[in-house]
Amino acid sequence: MTKYDEYESPLAHRYASNEIKKIFSPRERASTWRKLWLWLAEAEKELGLTQITDQALEGLRSNLIVSDGAFQVIAQEERIRRHDVMSHIYALEKDAPDAAGIIHIGATSCYGTSFSSNANKVTDNADLIFMRDALRLILPKLAKVIHNLSRFALKYKDLPTLAFTHYQAAQPISLGRRAAQWVQDLAMDLEDIEYVLAGLKFRGAQGTTGTQASFVEIFHGDTSKIDRLNEILCDKAGFETCYDISTQTYTRKVDLRIANALSAFGATAIRIATDIRHLAHDKILDEPHEATQTGSSAMAFKSNPMRSERICSLGRKLSNISANFSDTFSSQWLERTLDDSAIRRIDIPEMFLLSDALLILLDDVTNGIVVFPAMIRAQLEEELPFMATENIIMKLVNRGISRQEAHERIRVHSRETVKTMKEDGKRNDLIARIRGDDFFKPIWDELDGMLDPKLFIGRSAEIVERYCGSGTTLMGKLDKYKDYIDSTATATLAV
């Protein structure tokens, strides 16, 4: 049997980066558990536990990375014990026999992994480490996408394009102004994700139900040593502090807060990609395409926005994943139930792999959007005569002509124009009709000037400059990611 005979997640195989997959890999997970055991033992020895010897610590330090052979032992033991973490402890004791008996003293499953009789899950502290590292990985990628779109917005800040409300033609904006809307939504996602990262804490060593009772026992009632223990553990793991309240787990509200932020980003990705798909249909712009890319197996002429379609597909999964975390959080009974375990094993890695995959796609698309100004102008010309009618009426009123009569004349001509456009497929001839009606003769000479598209985009260019330009608040938010943005090439797709 080869890998082609077994199911493999397409999310990992096709879409996510190697960096994010490594964070949630079996070896990284198991090796992090071993680091947590080492850190706990080092801290306990520092605080006076004499049964932890230097020889035991050296045994742990020498076996932090779980070998292929150890994974085989773990798999065999788990079939016997039906407990994954106890199987890992058994394998570690085989690798480091001098440490047998001191691994995980005083801890429960939610410190590093399980050792006590009620320990029944993978480590909470490890999950917090993985989520922190994954958030740190995706934030610069998100900043780069914002940077890409900001440059695009500035480049096309004063290129008029038809706006749409209710997906019907509306007053024009600039193409850059539309992109600035996308930028703002992504900037909100950046703020939300930075917020949950900044608020992330460690669980530390809290005992079976969060009372620290086992540590009160091993430190003979010296509770100051428990506080110091958690300070040491936070320092080793790279966290500022522990959550004030934990039960057998850290509250699953933490997972939900992170999932909410990432799900919101998934919704933004769909929003942007859907706009691009609509605009690609109108031939206003397009996502990048390789010369050898095939759009359809049957229709050789097709060039489909497959990247944006993929963004919508993966974004749909991510934008809805927070519901699972909400259900898991709300379904926890009292100090903890195990029905959180299996679903978190799936959903925590997947929400980060989905986010990473979307950012790869968005970086590729936003750095290579192709704009077709001639098509933009052609689309505008089909609607601009209608947009100009209000100005035409006002100019007639300024010459003493009845507004109501002017309005009625415009209404009749517009209705006839729309009729011929829809029924006969003709071009917009409203201006020609106005030129043929002597009622409008006083403003005939001004008609061409009233059809300049830039007259209709208001402060679009200024708005873009004030939001996306240098020295703005937005650019200040991206400063911390400048080295990454400047040094990182545009993401390439695996498939």
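Reply: A residue is called buried when its relative accessible area is under 20%, exposed when that area is over 50%, and partly exposed in between. The coordinates belong to a predicted model, and every label that follows should be read with that in mind.

Me: Is Glu42 buried or exposed?
Reply: The relative accessible area of Glu42 is 16%, and the cut-off for burial lies at 20%. Because that value falls under the cut-off, Glu42 is buried.

Me: Which helices are tied together by the salt bridge of Glu46 and Arg228?
Reply: The side chains of Glu46 and Arg228 meet at 4.0 Å, N to O. Glu46 is exposed at 53% relative accessible area, whereas Arg228 is partly exposed at 36%. The two residues are 182 residues apart in sequence, so the pair ties together helices H3 and H10.

Me: Are Arg307 and Asp364, which form a salt bridge, buried or exposed?
Reply: The closest N and O atoms of Arg307 and Asp364 are 2.5 Å apart. Arg307 lies in helix H12 (residues 306-330) and Asp364 in helix H13 (residues 341-366), so the bridge ties together parts that are 57 residues apart in sequence. As for their cover, Arg307 and Asp364 are both buried.

Me: How many salt bridges are there, and which residues do shared partners join into one network?
Reply: The count comes to 37 salt bridges. Where salt bridges share partners, the network they make consists of Arg29, Asp127, Asp255 and Arg344.

Me: Why does the pair of Tyr243 and Tyr250 count as stacked?
Reply: The ring centres of Tyr243 and Tyr250 are 6.4 Å apart, and a pair needs centres within 6.5 Å. Tyr243 counts as buried at 14% relative accessibility, and Tyr250 likewise at 0%. Because planes under 30 degrees apart count as stacked, the deciding value for this pair is its angle of 25°.

Me: What angle do the planes of Phe439 and Phe440 make?
Reply: Both Phe439 and Phe440 are buried. Their ring centres lie 5.1 Å apart and the pair is edge-to-face, so the angle to note is 85°.

Me: Which charged residue sits over the ring of Tyr250?
Reply: Besides its stacked pairing with Tyr243, Tyr250 has a charged side-chain end placed over its ring, 4.8 Å from the ring centre. That charged end belongs to Arg252.

Me: How many residues of helix H7 are buried?
Reply: Helix H7 (residues 124-155) has 32 residues and reaches 47 Å from its first C-alpha to its last, close to the 46 Å expected. The helix is mostly covered, and its buried residues number 25 of 32.

Me: What is the area of the nonpolar surface patch that includes Val370?
Reply: Val370 is found in strand E4 (residues 370-371) and is partly exposed, with a relative accessible area of 36%. Together with Phe372 and Met375, Val370 makes a nonpolar surface patch of about 210 Å².

Technical notes
Residues are numbered from 1 along each chain as its sequence is written. This is a predicted model: local features need pLDDT of at least 70, side-chain atom pairs count only at pLDDT 80 or more; totals for chains, interfaces and linings use all residues. Side-chain values use heavy atoms; hydrogens and water are left out. Patches are made of residues with over 30% relative accessible area and no salt bridge: like charges are joined within 9 Å, nonpolar side chains (Val, Leu, Ile, Met, Phe, Trp, Tyr) within 5 Å. Accessible areas come from the Shrake-Rupley method with a 1.4 Å probe; for residues, only the protein chains shown count as cover. Helices (H or I, at least four residues) and strands (E, at least two) are DSSP runs, numbered from the N terminus. Buried means under 20% relative accessible area, exposed over 50%, partly exposed in between (1.4 Å probe, protein chains only). The expected span of a helix is 1.5 Å times one less than its number of residues. Rings of Phe, Tyr and Trp (its six-membered ring) pair if their centres lie within 6.5 Å; planes under 30 degrees apart count as stacked, over 60 as edge-to-face and the rest as tilted. A charge sits over a ring if NZ of Lys or CZ of Arg is within 6 Å of the ring centre and within 35 degrees of the ring normal.
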